[in-house]
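Subject: Structure handover: helix packing and pockets

Hello,

Here is the structure for you to take over. My notes on helix packing and pockets follow it.

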Amino acid sequence: MRVCSLSLLDFRSYGEAEVVFAPGMTAIMGPNGHGKTNLLEAVGFAAGLGSFRGAADAALIRDGAPASVIRCSGLGAGDREVLVEVELARARPNRVRVNRQPVARRRDLLGVLTATAFAPDDLELVKGEPAVRRRWMDDALAAVRPSWGALRSELDRVLRQRNTLLRQAQGRAAGDVAVTLDVWDDKLAAVGDELRVRRRDLLAAMEPRVRRHYGHIARGQGDAGLTYLSSWGDDSLAAALAAARPTDLKRSTSTVGPHRDDVLLEVGGLPARSHASQGEQRSLALALRLAVDAEVRERRGVAPVLLLDDVFSELDAGRATALLETLPPGQRILTTAASQLPAGVQPQQLIRVADGTARSL
């Protein structure tokens with residue numbers, strides 16, 4: 001995989017921008033707040049990642065503009081030429097095209113241009129709420145096999161319907177309400193059991209990679225561990241939903257299912273969220289991203305573009321060097337606010353960003 005060029009119109013801080021990327025490493029340098037991360041965010045959006053900052057689509061449109069346009073050209077699987085065009089609008093539905101052909105859903109971009117994003121907010125994977133780790137697992141599933149991304153969408157759809165029915169029941173399930181609730185329980189059990197199996201299997205496959213990457217970045221100081229935590233134990237979800245129905249009716253929400261699951265992350269046998277240092281948490285977050293990248297490379301036979309947003313700023317020199325040694329081959333696009341690049345970074349291309357303009361040197 002390779003991103004060749006990026007064209008932006010009214011995206012974030014850019015009125016207009018045209019950038020060409022080297023096939024190896026591109027370093028984007030400039031002061032904070034001037035638009036470095038916006039370039040990576042646009043590439044990630046074209047690759048189907050959405051905003052890796054978690055921003056809503058409307059936040060990506062430049063202030064005062066009615067719409068924003070991203071055009072990203074690259075080489076996809078088999079080195080075939082790919083053009084991804086995304087138009088984000090305030091007053092009408094977004095438009096997405098691949099090689100000039102309309103795409104119905106944004107998630108269909110997954111697999112067209114594949115990218116792995118590393119960002120400062122990745123620290124939330126370790127110290128944040130369970131929802132962040134669930135999103136990481138589901139994004140990993142979609143990256144490994146894009147069709148698996150539909151599982152989360154289906155789960156969200158079923159949960160919306162079931163929770164609406166629970167609110168309408170007002171604590172009682174009788175007659176038609178009980179019959180309809182049975183239907184949504186069956187749907188939730190089917191998609192929920194499959195999603196849990198997929199998550200568990202992928203987590204088990206990635207655990208050795210996480211341990212290995214963490215050990216290298218942390219330079220042998222401590223061991224990492226991953227454990228899937230299910231909200232309904234080892235029973236089938238159908239049985240758990242039946243047992244939880246009185247509670248669900250009382251609370252008017254679904255209290256068991258994969259939307260309540262989590263991953264326990266450990267360093268040295270202790271919960272990383274509460275016991276690991278900032279450096280250990282950062283190293284573990286990087287190891288999680290690298291493990292997904294390696295899984296995609298092995299299962300799909302493609303090399304994702306690596307988007308590295310200011311990942312060296314919170315690492316000491318030893319861990320920064322170790323991260324560079326751990327990065328897999330392929331195209332890498334990194335940002336830094338430092339006046340000098342980290343030791344060992346030798347870019348093919350340098351882009352300077354200032355005041356909403358990007359200039360290639």
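In this predicted model, the axes of helix 5 and helix 9 (residues 317-326) come within 8 Å. They cross at roughly 140°. Angles over 145 degrees would count as roughly antiparallel, so helix 5 and helix 9 are oblique to each other. From helix 5, the contact uses His-213, His-216 and Ile-217. From helix 9, it uses Arg-319, Ala-322, Leu-323, Glu-325 and Thr-326. By class, the contact of helix 5 with helix 9 has three nonpolar, three polar and two charged residues.

Next, helix 8 and helix 9. Their axes come within 12 Å and cross at roughly 5°. Angles under 35 degrees count as roughly parallel, so helix 8 is roughly parallel to helix 9. Helix 8 brings Gly-279, Glu-280, Ser-283, Leu-286 and Leu-290 to the contact. Helix 9 brings Arg-319, Leu-323 and Thr-326. The contact of helix 8 with helix 9 splits into three nonpolar, three polar and two charged residues. Note that Arg-319, Leu-323 and Thr-326 of helix 9 also belong to the contact with helix 5.

Back to helix 5 (residues 176-217), this time with helix 6 (residues 237-251). Here the axes come within 10 Å and cross at roughly 130°. Helix 5 and helix 6 are therefore oblique to each other. Their crossing is right-handed. On the helix 5 side, the residues are Ala-178, Leu-181, Asp-182, Asp-185, Leu-188, Ala-189, Gly-192 and Asp-193. They meet Leu-237, Ala-238, Leu-241, Arg-245 and Leu-249 of helix 6. Eight residues of the contact of helix 5 with helix 6 are nonpolar, one is polar and four are charged.

Helix 3 gives the most, with eight residues. The lining of the largest pocket has 19 nonpolar, nine polar and 15 charged residues.

Helix 1 (residues 36-46) gives the largest share of the lining, three residues. By class, the lining of the second largest pocket has four nonpolar, seven polar and five charged residues.

Best wishes

Notes:
Residues numbered from 1 in each chain as written. Predicted model: local features only at pLDDT ≥ 70, side-chain atom pairs only at ≥ 80, totals over all residues. Heavy atoms only, no water. Axes fitted to C-alpha atoms, helices over the stretch in contact; angles between N-to-C directions. Helix = DSSP H or I, 4+ residues; strand = E, 2+ residues; numbered from the N terminus. Parallel < 35°, antiparallel > 145°, perpendicular 65-115°, else oblique. Left-handed = near helix turned anticlockwise from the far one by under 90°. Contact = heavy atoms within 4.5 Å. Nonpolar A, V, L, I, M, F, W, Y, C, P; charged D, E, K, R; others polar.
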